[in-house]
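Visitor: I would like to learn how to read charged side-chain pairs in a model like this one. Could you take me through some cases, one after another?

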Amino acid sequence: MTVKCKMIMQAAQLEALLRHEEKPIYHREDYMSDEWQDMLLKRQKKANDSSSVAVSCPSSRLMKLPLSPRSVSKISVSFTSSPDSCSRTTSCPSHALHISNSSTSENTSKSSSPPPTNSIAQERITPQWREKICTWNFHVVDYYQIDREVAAISIHYLDRYLSRTLVDTDSFLLAAMTCLRLAMKTLHGKDRLSTGTVTTMSRGMVGERDMEEMELTLLFCLEWCLNPPTPNQFLGYLRPYIALCLGEEDQDQDYHEHNDNNSVMEDIMEIATFLTEISVCKYEFLVYKPSIVAFASILCALKHLKYPRQTVKRTREHVSKTVLGYDNQGDADEDLTQCSASLWGYCMENASLMAFSSSSRAVIS
């Protein structure tokens, strides 16, 4: 296949992926906002009965999860080391995941009687909960040598589920662990993480039957749409266009085959990939489309590698207009600006990227 034919095929695939990300089912809402949580709370109260609270997803008995009103301060993720959220590790971490409950309520500490079972949990999920789960996901897939895309897709499942369901700590943990296993089965078509392995990581807080029931709940809630677009997918399709804009002859025809680790394009894509994985863990990037996150990561990589400002600007204008179809004065362009600024902040804070910059070869203007 000639280079020209491959470019045409990649352009068609990118266009299909752009249409794919516009599907409403794959949109994620700011579900941790007070307004959204209040809406879920009202919906749960309407469905409340004497013993349990039914979740909003269609199902049978499996869809009813008890919400016990406990005062929970945090989720604890135990590792043997404390690497960055998305750092790649080769050592075996302690994969045990547990929840530490510390009562902050004075009434709870004074009362020895259990809370009523028909009340609704007041403790709301936080970005810190989500980030710890995401960190844990990346450690697990690294240890078992699974594609890191599994971690990104599992968080996508979890976000969509939480935007429709009010959960307590136990339900959150169960949903998160089940999302990881479901993403593994979806992406690789085989079960490399058995139910028993995953439940062992929960230190007995999650049972195998619980996960099987939750998997059915997720499938209904996600409407069986299990192939969401991710920033990393867009990176692969954007690579040849970036190389063209920069005047680089990218001899590596396959993004996943690193034939020349010292090339400029490899440096750019390595940094961009790292930044997209940071965006997976950080809740603030939930509102941006995957294509915007991917392109913003590339622009930050160019800036980090000391490309001239005019080169970065020209690349942005060309790819935005001719490849992604963004209007330079529209909402997408504004989102790209905001997303780039947020990613750049994390880029400057990360010591790994600073070390990477000092070791990478100079860019010829």
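Guide: Let us begin with a single residue of this predicted model: Glu215 has a relative accessibility of 13%, and because buried means under 20%, Glu215 counts as buried.

Visitor: With which residue does Glu215 form a salt bridge?

Guide: Side chains of opposite charge can pair when their charged atoms come close. Here the partner of Glu215 is Lys185, with the closest N and O atoms 2.8 Å apart. Lys185 lies in helix H6 (residues 169-188) and Glu215 in helix H8 (residues 208-221), so the pair ties together parts that are 30 residues apart in sequence. Lys185 itself is partly exposed, at a relative accessible area of 29%.

Visitor: How many salt bridges does a search of the whole structure find?

Guide: The search finds 13 salt bridges, and one of them joins Arg28 to Asp159, whose closest N and O atoms are 2.9 Å apart. Arg28 belongs to the loop between H1 and helix H2 (34-47), whereas Asp159 belongs to helix H5 (residues 149-162), so this pair ties together parts that are 131 residues apart in sequence. Asp159 is buried, at 0% relative accessibility, while Arg28 is partly exposed, at 22%. Both residues are also linked with Arg130 in a network of salt bridges.

Visitor: How far apart in helix H1 are Arg19 and Glu15?

Guide: Arg19 and Glu15 are four residues apart in helix H1 (residues 3-21), which means that about one helical turn separates them. The two form a salt bridge whose closest N and O atoms are 3.5 Å apart; Arg19 is exposed, with a relative accessible area of 52%, and Glu15 is partly exposed, with 47%.

How values were computed. Residues numbered from 1 in each chain as written. Predicted model: local features only at pLDDT ≥ 70, side-chain atom pairs only at ≥ 80, totals over all residues. Heavy atoms only, no water. Salt bridge = Lys/Arg side-chain N within 4 Å of Asp/Glu carboxyl O. Helix = DSSP H or I, 4+ residues; strand = E, 2+ residues; numbered from the N terminus. Buried < 20%, exposed > 50% of the residue type's maximum accessible area, 1.4 Å probe, protein only.
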